Amino acid sequence: MYNRKLLAVAYFLMMAMAANVTVVKAQSKKAAGQMILNKLEYLEYQGVNVMLAHDFYPEGHQGGVGIIQNGQRVATNGDLRLEPTPGQWSPIPKVGKRVIDKIKSEVSVRMEYPNPEMDRKGFNPIIYPDLKFAYNIRVLPIGKSFKIIIDLDRPLPDEWIGRVGFNIELFPGILYGKSYYMDKQFGIFTPQANGQMYKSPYGENEVMPLATGKKLTVAPENDGQRMIIENLKDSNLQLLDGRAKHNNGWFVVRSLIAKGATKNAIEWLVTPHAIEGWQSAPVVQVSQVGYHPAQQKIAVIELDRNDKRRLPVSLMRVAENGGLEMALKATPTEWGDFLRYHYLQLDFTKITKPGMYVVKYGAYQTEPFQISKDVFKNDVWQPTLEYFMPAQMCHMRINDKYRVWHGLCHMDDARMAPIDSNHFDGYISGHSTFTKFKPGDNVPFLNRGAWHDAGDFDLRVESQAETVHGLTLAYEQFGSKYDNTTIDQKSHLVEIQQPDGKPDLLQQIEHGLLSITGGFQAMGRFYRGVIEPTIRQYVLLGDAANITDNKPFVTNATNIDPILNQPAPADDRWVFTEDNPSRSLQTAAALAAASRVMKGYNDTLSVQCLQIAKQVWQNNKDFKPMQKIALATELFITTKDKEYSDFLVANTAGIAAGIENNGWLVSRTMGLINDKEYKDKITDAVKRLYVKIQQQGSKTPYSVPYEPSIWGAGWGIQNFGYKQYFLYANFPSIFTDDYMLHAINFVLGCHPGSNTSSFASGVGAKSMTTAYGFNRADLSYIPGGITSGTALIRPDFPELLNWPYLWQQGEYVLGGGTSDYLFLVMAADHVLNKKN
């Protein structure tokens, strides 16, 4: 026992000494100006960071080896790939655990092909059943450079030699017009893909390399972007333009695995130039639209953590006759660290004089924003209602003065989807269609209404329902009769900025309902989704009228294209069904609410909505009670029927337990249900919820609950703000309007990262005007579209790129991305001006 104790003490001392030596070595390397392994498990030197598998989302250009250079992510997806320029559905490896060797400052991850997760989810239709291999990818510092090393478990099969290679992708958006050298070859990175295509021995169209050689120098003329990549093996590097094969491709640097190679099968030396003493420049984050005089106003100042300067910050009013007038000068308040930055704040709540303002901190000056009681009245929610929503309308032609956003589309909707199928975009069908329709049958009443869901053209029922619900509550709460659009359902025609005497909100609600109720009438149930049958159609950009021929395809019949007078393809979209009571209940809740606002506008539709909602309620009586809260709430508010209030009262305990999800819904019943226990328990739960929100909000300088993720948090924060309105309106003694307004500020520009753009395209002085809409190939935007917003490059780098092909940062969607935003801005105007 005594010897064991001695050995244990000796072992402990030895490990402590080793750890201390490791820390000392890292500190000495840092002092010597070398790349080190930091506590967040990535390599760093000055402004250069090298991550390995912190993210693994290669479909979204976020995974493998990634490089951040002087404040800009310049490279990603460093990994073995089976194609020279992979696309969205290309095979990717399964990622293992990241392993840290502190002695060597080395990071390694084990990878495997094939990836069973991708195949199981149906997201990868290209399967390689004959290829199975595993490998380790390592990164380790070499002075101011780093090495990438690949070790295979065993040599590749001979038939895969020349096909498997190490790729790393270079972000195109910052390379246009920059030069490169590859040994004795040189050129520039062009804004469009100019690569010559050829047919590979494996039958694929591939792009010829822009250059080949042992050493590539990227942007040699630019200190902030210069990077040297050297292949230390006998094979060459290839520089490829991935955009030649995929619009959303990046530039690719690639080298192939040699025959028989295992240990050090790939060995690159990469030297991203680090600017000596580099620090991220200060950024001041404010709402790009501005503030109401009665609103809390806080500018957030984002600093490099190594920036120890504390400069005065000034709020300047833009003078009517030109120039800037000092409105407030102060020492900013310390907030603290968040992600990789340090934050300061300037509270200028007391400034209420109307006008245009800017905030200055050092050399940084914000774009102008306003302080006005009318700040949310005009040009903030209107673009969403008068541009974005019309542009997303399916089964219509959308005219906008001299342009057409898209022609009449999808009038051949829809054919019943095949059973036992797994669609490439995630729609899954079981053993039955759950309807009288067989696969391939034409389903009526689906060629009307609905909005295209996102940057693509499918129709998800939950997106339709969320949008209808949000617009309905906006119309009920704020009663806007705004009319600036002509919508003619009979002619399937929309004219933007041409009033027709009808409230646009009601017309849009009607449009969504036509699709939802039409599908239910035809099939006796809600559709799951309506979507293109082929990838070739699905990835089409531009005019939706070009996806199909608008003529229904009839199974087992002769189908002739009337223009070409040749056999017509089966290009009609598929309609998927499902047995999903939870989704049906949520959709029915939207109908129950919409029946109220359709009354007196479209009485037939109003009656249909309520009938369907009641039918869904009856059909799902035995389903989980908590899934029925939304439908019970809306049916009760619509009908005042005791059956629904009794249900809510009977489930008081469950509602209180799930108050985070249900509180905003049932808050609207507090003045309608006269049951003391119901009111008391829910009020107590709401009090606890407010405390939790306060705790979560205090964790960021933006005062909203915010957990950064690979996907931008804009939609989630909008949805949070949307719910806050109802909690504040119905529990004013518990909730304030602050969190609702903080959510708006976040979406409109007060969010992490150097790109302070408003997530709402065309809204505010600076906004996302390169976004992921159906016109993204034009590097353009749709006014009023709400993007996903700032995403996280793990573990700590917030990013919002000026690039149209990153859906996790720049995509438009319906539901929470549209109606929540519109509602939230209307709510802010209503609440703030009611105070005055």
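1. Ground rules. This is a predicted model, in which local features need pLDDT of at least 70 and side-chain atom pairs count only at pLDDT 80 or more, while totals for chains, interfaces and linings use all residues. Residues are numbered from 1 along each chain as its sequence is written, and side-chain values use heavy atoms, with hydrogens and water left out.

2. The sheet. Four strands form an open sheet in the order S21-S23-S27-S26, with antiparallel pairing. (Helices, H or I of at least four residues, and strands, E of at least two, are DSSP runs numbered from the N terminus; two strands pair if DSSP finds at least two bridges between them.) Strands S21 (283-285) and S26 (333-338) are at the edges with a single partner strand each, so one side of each has no neighbour in the sheet. From one strand to the next, the twist averages 25°, an angle between N-to-C directions on a scale from 0 to 180 degrees, with axes as lines fitted to C-alpha atoms. S21 pairs with S23 (residues 298-304) over 3 bridges in the antiparallel sense, and Val284 stands opposite Ile301 in S23.

3. The cysteines. How many disulfides does a search of the whole structure find? The count is 0, taking a disulfide as a pair of cysteine sulfur atoms within 2.5 Å. Cys394 is in no disulfide, and its nearest cysteine sulfur, in Cys409, is 4.0 Å away. That distance of 4.0 Å between the sulfurs of Cys409 and Cys394 is too far for a bond. Cys394 is buried at 0% relative accessibility, and Cys409 is buried with a relative accessible area of 0%. (Buried is under 20% relative accessible area, exposed over 50% and partly exposed in between, with a 1.4 Å probe and protein chains only.)

4. Helix H10. In H10 (residues 642-650), Tyr644, Ser645, Phe647 and Leu648 are the buried residues. They line one face of the helix, because they fall within an arc of 155° when seen down the axis of H10; the arc is that of the directions from the helix axis to the C-beta atoms. Lys642 and Ala650 are exposed on the other side of H10. The buried residues pack against H8 (603-619), H9 (629-639), H11 (652-657) and H13 (676-697), where contact means heavy atoms within 4.5 Å. At the N-terminal end, Asp641 caps H10, with a side-chain oxygen 2.9 Å from the backbone nitrogen of Glu643.

5. Glu267. This residue of strand S20 (residues 266-272) is buried, with a relative accessible area of 11%. Leaving aside residues up to four places away in sequence, Glu267 touches Lys147, Ile148, Ile149, Glu230, Asn231, Leu232 and Lys233.

6. Backbone details. Most residues other than glycine have a negative phi, and most peptide bonds are trans. Cis peptide bonds join Asp413 to Ala414, with omega about -10°, and Arg794 to Pro795, with omega about 10°. Ala414 is in the loop between S32 (403-406) and S33 (415-416), whereas Pro795 is in the loop between S41 (791-793) and S42 (797-799). His395 has a positive phi near 60° and is buried at 0% relative accessibility. Ser703 has a positive phi of about 60° and is partly exposed at 24%.

Definitions and conventions
Polar contact = N/O pair within 3.5 Å; in protein donor to acceptor, adjacent residues only side chain to side chain.
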